[in-house]
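The paragraphs below lead through one structure, from the whole chain to individual residues. Please keep the sequence and the three-dimensional view at hand while reading.

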Amino acid sequence: MMRKNYYRKLALMVTLLTVLLAYQKYTSREKEPFPKVTFISDASIPANLSDFDPNTLDKEQWQKLGFSEKQTATILKYKDIVGGKFTSKQQLKKCYAISNEKFSVLSSFILLPETAEKGDSKRFTPYGKKGIMISGKFNPDQFSANDWFTMGFSEKQAEAIIKYKNYLGGSFISKEKFKECFIISSENYSKLEPYLLLPAKTPENFRNSGKDNPVKSKIQYHPFDPNQLGPDEWIALGFSEKQAITIINYRDRNLRGSFKSLEDLQKCFVISAEKFQEMKPYIRLQEKQQEKTDFSKTDLNTITFKQLIEFGLDERSAGSIIGFRKKLGGFMNKQQILTTYNIDQDLVQKLISIAPLNTSDVPRYSLVNAPEEWLKNHPYFKYSADKIIFYRTSNPDDKKIWKLLKLKPEYEERMKLYVK
């Protein structure tokens, strides 16, 4: 019985082994080969790669190195951001358009130091008040107003540079002529000069060349007195409208009404050295004796800005007095003038001791009848204007309104100067 069971178990084991062997043979059939996995880099590397300077590569040359059009644009933009020149391999590596794998392949061929030397990082940094940035050598004749603006000049400065170029006949001609542009300071010129693609000296035949300078040929000079010229006359001499106004303001404000000498005219910043030399033979400065103001007969309520300057006040003091008088509608007593802000107290005290004050034309009103606009704009009334307007609707009587206002005596006293 035991043997019978033994043989049964043995037969079962043999059967199981047979099944397992058959399954193994079935599953071990040859399968199709798995495709080989290859990893493609972000850009292929040319086989004939040689040493190169990344600062000299243009768009096509970067693409020949295996970069896409977008990657190339990013690299060139990054170069502009860092100042127009890569100073080290380390700096170039930071450009996100260049992968670590690609950089490791290119690194040994790049003609740059591993890290920037001392001072190199500052070589192409913005400078000047407007943050002017130079990316490399350039021909200023080819620059538009937008190009000058991109470099760091203001819109007005950029337009003035273009106007100056047109004035020269469409070309800056030389570094000498470029330097004479009044918009470009000597500091900025010293920075720009090494990068200008212009001859250093002006050709000898420049002044005699009608083609090179068509603007000049249209100007017919005649003897003139710069102290007698208005905007139209200055424009006829070849200046723009803004330049003409600047010259007149310089004459009337800075020089108190007249050019006293040729040197005064030469110092006006909108007149270039060349332009001054052109005009110089025709300038006739006539010495004219200006009638001096008799301040003992000059009303302080009508005295002008120019007369205050003549008396000796500076522009700040004179402007403050004229401005305060306008807000008040006129001074009612001389002490008010001394309360004006930003004035030379000693000089003004001397003036008011000499000059008379006529108050007959100064507007005055009752509190009941004063115009709302006048109340709200007058320096002495504007802080109480709303109360006055409110109280007088139900109390049309000045005495009652004064009582309701409850003002400090000194405030009420100065307000009453302008009340009938």
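The account begins with conventions and overall composition, then turns to helices, aromatic rings and loops.

The model is a predicted one, in which local features need pLDDT of at least 70 and side-chain atom pairs count only at pLDDT 80 or more, while totals for chains, interfaces and linings use all residues. Residues are numbered from 1 along each chain as its sequence is written, and side-chain values use heavy atoms, with hydrogens and water left out.

The chain has 22 helices and zero strands; helices (H or I, at least four residues) and strands (E, at least two) are DSSP runs, numbered from the N terminus. Of its 420 residues, 38% count as buried. Here buried means under 20% relative accessible area, exposed means over 50%, and partly exposed lies in between, with a 1.4 Å probe and protein chains only. The accessible surface amounts to about 27900 Å², and carbon and sulfur atoms hold 52% of that area; areas come from the Shrake-Rupley method with a 1.4 Å probe, and for residues only the protein chains shown count as cover. Among contacts (heavy atoms within 4.5 Å) with a separation of 6 or more, 56% join residues 24 or more positions apart.

Helix 7 covers residues 155-167, and its 13 residues reach 18 Å from first to last C-alpha, close to the 18 Å expected at 1.5 Å a residue. That expected span is 1.5 Å times one less than the number of residues. Buried residues of helix 7 include Ala158, Ile161, Ile162 and Tyr164. After the helix comes glycine 169, with a positive phi near 105°.

In helix 18 (345-354), the buried residues are Leu347, Val348, Leu351 and Ile352. Seen down the axis, these buried residues fall within an arc of 130°, so they line one face of helix 18; the arc is that of the directions from the helix axis to the C-beta atoms. Their cover includes helix 15 (305-311), helix 16 (315-328) and helix 17. On the face turned away from the buried side, helix 18 carries the exposed residues Asp346 and Ser353.

The structure holds 20 aromatic pairs. Rings of Phe, Tyr and Trp (its six-membered ring) pair if their centres lie within 6.5 Å, and planes under 30 degrees apart count as stacked, over 60 as edge-to-face and the rest as tilted. Tryptophan 234 and phenylalanine 239 form an edge-to-face pair, 5.9 Å centre to centre with 75° between the planes, and both residues are buried. Tyrosine 380 and tyrosine 418 are also edge-to-face, at 5.8 Å and 65°. This pair links distant parts of the chain, 38 residues apart: tyrosine 380 is in the loop between helix 19 (372-377) and helix 20 (385-394), and tyrosine 418 is in the segment after helix 22. Tyrosine 380 counts as buried because its relative accessibility is 10%; for tyrosine 418 the value is 0%, so this residue counts as buried too.

Lysine 275 lies over the face of phenylalanine 239, 5.3 Å from the ring centre. The criterion is NZ of Lys or CZ of Arg within 6 Å of the ring centre and within 35 degrees of the ring normal.

Asparagine 342 is partly exposed at 44% relative accessible area, whereas lysine 406 is exposed at 72%.
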